[in-house]
Amino acid sequence: MKRAKELRIFSIAFLVVVASIAHGALTVINPGFEEPGEGKISDDFSRIPGWSQDVTADSGVEDAGAYTGLYRGFGMTTDSEIYQLLDEPIIEGATYYLKFYGMDTWSASSIVAEFYYLTNPSDPTSRSVIASQSFPVSGEWTEYILVFVPAGGQSYLGQNLGIQFSGLADGTGWYGLDEISVERIQPEYAKYPDPYDGEIDVLTDRILNWEPGIYAASHNVYFGDDQNAVENATTSSSEYKGSHDVNYWDPDPELAFVDATYYWRVDEIGTSEVWKGDVWEFTVQGHEKLETFESYLASGAKAMYSTWLDGWATHTGGAVVSPETGVVHAGKQSMELCYFNYNRDWSYWSVVKADVSKFGYPTDWTANDLSILKLWFCGDPRNEVNSKDRMYIALEDGSSNRAVVQYSGDANDIKLASWQEWQIPFDDFAGVDMTNVSKIYIGIGEEGNNSSFGGMGAVYFDDIRLYPLYEEQ
Ligand SMILES: [Ca+2]
Ligand SMILES: [Ca+2]
């Protein structure tokens with residue numbers, strides 16, 4: 001009797017384990033290199049818990065600039081592979097995702113990520129690569145994903161899956177690694193969500209779709225703004241959005257035009273089984289992007305100064321603009337506006353102006369209840385700020401009605417080297433027809449001031465956006 005009870009407990013535990021590994025994360029030992037082995041800085045992966053390297057090499061763990069925690073792995077592009085064998089057999093038709101964060105730490109151009117199996121299970125050097133991809137790396141941490149779908153009839157099926165990282169023999173250089181994970185999604189489950197898991201800036205007219213499980217006769221969709229509620233929802237929950245024969249669902253009108261994160265789950269329904277899906281998430285773009293400053297070059301046909309006309313171009317005020325890649329709020333670029341408010345030839349203020357039709361956005365800004373203009377600026381502690389050096393934004397409509405709005409915060413905010421949000425209700429642009437906006441101006445100083453000079457410096461601007469009134473601050 002006692003033995004039977006133990007067996008029963010064992011079988012329940014076994015079933016739970018199968019359910020948890022069938023669909024989701026596989027165990028990677030020491031995925032964030034937070035167990036750095038011997039010493040805080042180790043330059044031999046054979047001493048790093050979980051990880052191996054065939055020879056002692058200039059790769060290991062260091063305690064500088066980790067993506068998470070205290071430590072990151074580092075590899076040398078000419079060293080042998082860094083690898084570990086997972087305790088999971090390779091299943092036909094499953095989808096494996098190897099995700100990791102990587103960056104160039106010194107003169108590395110790429111990281112090669114690979115899946116392998118052992119042709120001789122007792123010989124770790126018998127690694128046979130079954131999926132491989134070279135990823136370019138930059139000086140910023142970036143998430144990379146290697147996807148592998150094992151085909152039928154292959155010798156690797158049933159063998160344990162391994163992961164490894166190597167460089168290319170393209171010279172010497174080091175790359176950083178952190179937060180390595182492997183996920184497996186079996187073919188019975190919904191996968192490849194669109195919007196993809198974690199996607200941002202999703203538009204409100206987006207239709208959700210996914211690739212169905214191979215045995216699914218129908219699909220139960222769950223949707224809401226509470227992750228736990230979606231995770232735990234049943235067909236009697238308010239998050240349940242019905243059973244569908246097709247592998248897509250239109251959330252309209254449940255997507256409000258407001259920056260918000262939504263969660264969804266698709267359970268695949270077979271004739272007698274249910275394959276409960278993961279919870280996926282996406283974030284709606286609850287605003288319109290007027291200007292991101294991403295499309296400009298420093299000179300030539302796509303020069304920033306050809307759209308944002310500065311004082312250099314017009315001899316009106318002392319502004320000079322150029323694309324900035326080092327100080328950025330979003331994307332890869334912002335606009336650097338240098339101001340020279342003591343340029344007597346061009347007067348004592350600095351302004352740039354742009355024809356808003358060049359942004360590719362309608363001149364009617366009132367759709368979707370839009371009512372707030374927002375932009376972000378970043379200053380510099382070296383900036384000179386005299387009493388006349390206050391920022392302003394002006395809008396002009398198609399009938400040349402123009403309104404100037406001065407920055408109402410501390411004028412010295414342009415001495416702060418951090419991105420600051422500046423929002424202006426449309427109502428503040430008194431007299432301007434917001435259904436026909438023609439020009440936008442960004443200035444520093446007092447327009448028309450030809451009598452008392454100001455200071456000089458540089459302010460960065462990025463992301464001019466339009467928001468509806470009910471956007472929470
Ligand atoms: Ca780490
Ligand atoms: Ca930008």
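Biologist: How many Å separate the centres of domain 2 and domain 3?
Modeller: This is a predicted model, where local features need pLDDT of at least 70 and side-chain atom pairs count only at pLDDT 80 or more, while totals for chains, interfaces and linings use all residues. The chain splits into domain 1 (23-185), domain 2 (191-284) and domain 3 (289-468), with bounds from an automatic or database domain assignment. Taken over C-alpha atoms, the distance between the centres of domain 2 and domain 3 is 41 Å.

Biologist: And how far does the C-alpha trace span along its principal axes?
Modeller: Residues are numbered from 1 along each chain as its sequence is written, and chains are lettered from A and ligands numbered from 1 in the order in which they are written. The chain has four helices and 30 strands (DSSP runs numbered from the N terminus, H or I of at least four residues for helices, E of at least two for strands). The C-alpha trace spans about 95 × 60 × 40 Å.

Biologist: What share of the chain counts as buried?
Modeller: Buried means that 20 or more other C-beta atoms lie within 10 Å of a residue's own; 12 or fewer makes it exposed, in between is partly exposed, and C-beta atoms are placed from the backbone. Of the 473 residues, the buried share is 36%.

Biologist: Which residues touch the most other members of the largest nonpolar core?
Modeller: A nonpolar core is a set of buried Ala, Val, Leu, Ile, Met, Phe, Trp, Tyr and Cys residues joined through C-beta atoms within 7 Å. The largest one has 52 residues, and the elements giving it two or more include β6 (95-106), β11 (174-185) and β18 (260-269). At least three residues come from each of domain 1 and domain 2. The members that touch the most others are L98, F115, Y175 and W264.

Biologist: What does W264 touch, leaving out residues up to four places away in sequence?
Modeller: A contact puts two C-beta atoms, placed from the backbone, within 7 Å. By that test W264 touches L208, V221, Y222, F223, V230 and W280.

Biologist: Which residues does the second, separate core include?
Modeller: That second core is separate and has 42 residues. Among them are L337, Y339, V351 and I464.

Biologist: Why is strand β4 largely enclosed by the rest of the structure?
Modeller: In a regular strand the side chains alternate between the two faces of the sheet. Here R72, F74 and M76 point one way from β4, while G73 and G75 point the other way, and all are buried. So β4 (residues 72-76) is largely enclosed because its buried residues number five of the five.

Biologist: Which residue of β11 is the bridge partner of M76?
Modeller: Strands pair when DSSP finds at least two bridges between them. β4 pairs in the antiparallel sense with β3 (residues 60-62) over three bridges, where E62 stands opposite R72. β4 also pairs with β11, antiparallel over four bridges. There the partner of M76 is W174.

Biologist: In β14, which residue is the bridge partner of K191?
Modeller: An open sheet of three strands has the order β12-β14-β17, antiparallel. β12 and β14 pair over two bridges. The partner of K191 is E211.
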